[in-house]
Amino acid sequence: MQLITKNSAFRSLFLCSIFNTTGSNLFALAFLIYASTYPNSKFYISLVALFMVIPSFFNAYMGYLADRTKDKKRALFMTSWIQTILFIGVAFTIEQHSFFVFLFCILVNLVDELLAMYKDGLELPIMQIRVSSDDIQPAYGLIQGASSLIGIVGKPIGLVLLAVLVNSFSMLALVNAGLYFISGIVLFESRKYLDIEVTKKLDEGKFHFSLKETLLQIIKVFKVEGAMSATSLIIILIINFSINGILPLIDLAMVRHNPFGHSFGLAVTVFSVSFSLGVFISSFFMHDFFQKKDLSFILKLILGMLILFSLLVIPLGLISIVVFFGIGYCFAKVNPKLTSIIFQIIPKEDLATIRGGISTFFATASSLGVLVFVALANLIGLSLTFYIIAFICFIALIGPTFINLFKKKY
């Protein structure tokens with residue numbers, strides 16, 4: 001917490017992150033509820049899920065644009081104000097129920113996600129210069145912890161706020177615009193602390209992202225862990241693929257298989273909060289049962305719970321909420337273990353590049369999970385899609401055992 005009080009640059013970026021994340025969480029829930037008010041709501045909710053995965057494919061390129069931006073501090077608060085204008089536009093149109101208005105709102109959300117990635121890229125070199133190397137991990141830990149807390153309280157607050165506003169989606173869009181505007185003001189007022197010197201010429205070199213090089217770096221990280229690098233890597237990809245595919249499927253399942261009656265917003269909120277609460281509690285209790293467990297044990301436990309959740313979510317929704325909490329708790333243990341290894345073996349001058357590449361690689365796997373499972377849910381039905389997820393996780397769970405037996409035999 002001393003970082004927030006003593007480091008002005010970090011404090012402004014931290015507050016900016018809180019305002020941005022709060023706005024995103026509020027409107028994400030509102031937009032899902034808005035989609036559920038349309039005839040054929042399943043189609044519109046699926047459309048939201050499909051469009052929202054598109055930005056993740058541009059993560060590396062938005063980072064490149066951020067690297068090529070000379071005046072990063074100015075770009076930061078200008079981007080916040082552009083986001084403000086976009087959501088003012090949403091506020092003036094969202095109450096008009098039509099397919100084209102719905103598509104416009106989706107496109108605004110898509111651009112908003114791209115701008116958020118761009119801002120993250122702008123903040124990274126500022127954090128590297130303004131925050132000491134010893135404080136980098138605690139700094140990102142504070143941001144991650146705050147994001148988890150907002151994920152827990154943001155959607156319930158959004159439900160209450162939406163009720164207070166008498167289900168006025170336009171007013172909630174204005175609230176979101178206001179949060180972005182305040183974020184821009186905070187950054188503008190702190191601009192003298194955000195100024196950094198660009199040491200390299202921005203017109204030199206070409207952008208080059210190598211998937212092969214990124215994959216080799218990830219395998220290098222897993223080799224340090226002492227696990228079977230290829231197997232562990234595939235399991236983490238499957239976990240990201242499955243969890244992110246499950247999230248929109250829960251939204252679809254709550255339309256007809258709602259354990260809370262007819263309150264779609266409440267059901268979506270409870271599932272989201274259960275996962276976020278698991279992540280949040282896990283982040284602040286690192287010295288627990290899992291502290292001395294290796295990565296492979298945690299991955300197997302997550303796979304087991306994913307199988308259980310996929311089998312229970314439709315017939316026993318209330319029990320599946322508890323399992324979803326457990327998935328969030330264990331999932332939160334994976335990233336700190338990987339991050340600590342990355343900081344140990346990746347040179348400082350390459351940290352940002354590798355970090356961005358790894359994020360893109362895993363985000364692509366996560367996005368494919370959404371695309372594949374939402375498409376399957378619409379083609380073959382929700383129940384069968386959840387069974388497929390359970391089967392994939394089961395194969396990933398028993399696969400390493402068979403590989404070990406095969407190696408011993410031959």
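**Close-up views of a helical chain**

Residues 24 or more positions apart account for 83% of those contacts in the chain that have a separation of 6 or more, a contact being heavy atoms within 4.5 Å. The model is predicted, so local features need a pLDDT of at least 70 and side-chain atom pairs count only at pLDDT 80 or more, whereas totals for chains, interfaces and linings use all residues. Residues are numbered from 1 along each chain as its sequence is written, and side-chain values use heavy atoms, with hydrogens and water left out.

**View 1. The chain as a whole.** The chain holds 15 helices and zero strands, where helices (H or I, at least four residues) and strands (E, at least two) are DSSP runs numbered from the N terminus. Of its 410 residues, 49% count as buried; buried means under 20% relative accessible area, exposed means over 50%, and partly exposed lies in between, for a 1.4 Å probe and protein chains only.

**View 2. Helix α2 against helix α3.** The axes of helix α2 (residues 8-36) and α3 come within 8 Å and cross at roughly 150°, the axes being lines fitted to C-alpha atoms, for helices over the stretch in contact, with angles that run from 0 to 180 degrees between N-to-C directions. That crossing makes α2 roughly antiparallel to α3, since angles over 145 degrees count as roughly antiparallel, those under 35 as roughly parallel, those from 65 to 115 as roughly perpendicular, and the rest as oblique. From α2, Phe 31, Leu 32, Ala 35 and Ser 36 meet Ser 41, Tyr 44, Ile 45 and Val 48 in α3. By class, this contact of α2 with α3 has six nonpolar, two polar and no charged residues; Ala, Val, Leu, Ile, Met, Phe, Trp, Tyr, Cys and Pro count as nonpolar, Asp, Glu, Lys and Arg as charged, and the others, Gly among them, as polar.

**View 3. Asn 40 in the loop between α2 and α3.** Asn 40 has its place in the loop between α2 and α3, and at 54% relative accessibility Asn 40 counts as exposed. Although Asn 40 is not a glycine, its phi is positive, at about 55°. For context, most residues other than glycine have a negative phi.

**View 4. Helix α3 against helix α6.** Helix α3 (residues 41-52) and helix α6 (residues 99-130) pack at an angle of about 25°, with their axes 10 Å apart, and α3 and α6 are therefore roughly parallel to each other. The crossing of α3 and α6 is right-handed, a crossing being right-handed if the near helix is turned clockwise from the far one by less than a right angle, and left-handed if anticlockwise. In α3, Phe 43, Tyr 44, Leu 47, Val 48, Phe 51 and Met 52 meet residues of α6 that are Phe 99, Phe 102, Leu 103, Ile 106, Leu 107, Asn 109 and Leu 110. This contact of α3 with α6 divides by class into 12 nonpolar, one polar and no charged residues.

**View 5. Phe 51 of helix α3.** Phe 51, which has its place in helix α3, is partly exposed, with a relative accessible area of 22%. Leaving aside neighbours within four places in sequence, Phe 51 is in contact with Leu 103, Ile 106, Leu 107 and Leu 110. Phe 51 and Leu 103 lie 52 residues apart in sequence and 9.7 Å apart in space, C-alpha to C-alpha.

**View 6. Helix α4 against helix α6.** Helix α4 (residues 59-67) and α6 have axes that come within 8 Å and cross at roughly 50°, which makes α4 oblique to α6. The crossing of α4 and α6 is right-handed. Asn 59, Met 62, Leu 65 and Ala 66 of α4 make the contact with Leu 114, Met 117, Tyr 118, Gly 121 and Leu 122 of α6, and the residues of this contact divide into seven nonpolar, two polar and no charged.

View 7. Asn 240 is found in helix α10 (residues 229-256) and is buried, with a relative accessible area of 11%. Apart from neighbours within four places in sequence, Asn 240 is in contact with Phe 331, Phe 362 and Ser 366. Leu 249 is also found in helix α10 and counts as buried at 0% relative accessibility. With the neighbours within four places likewise left aside, Leu 249 is in contact with Phe 373, Val 374, Ala 377, Leu 382, Thr 385, Phe 386 and Ile 389.
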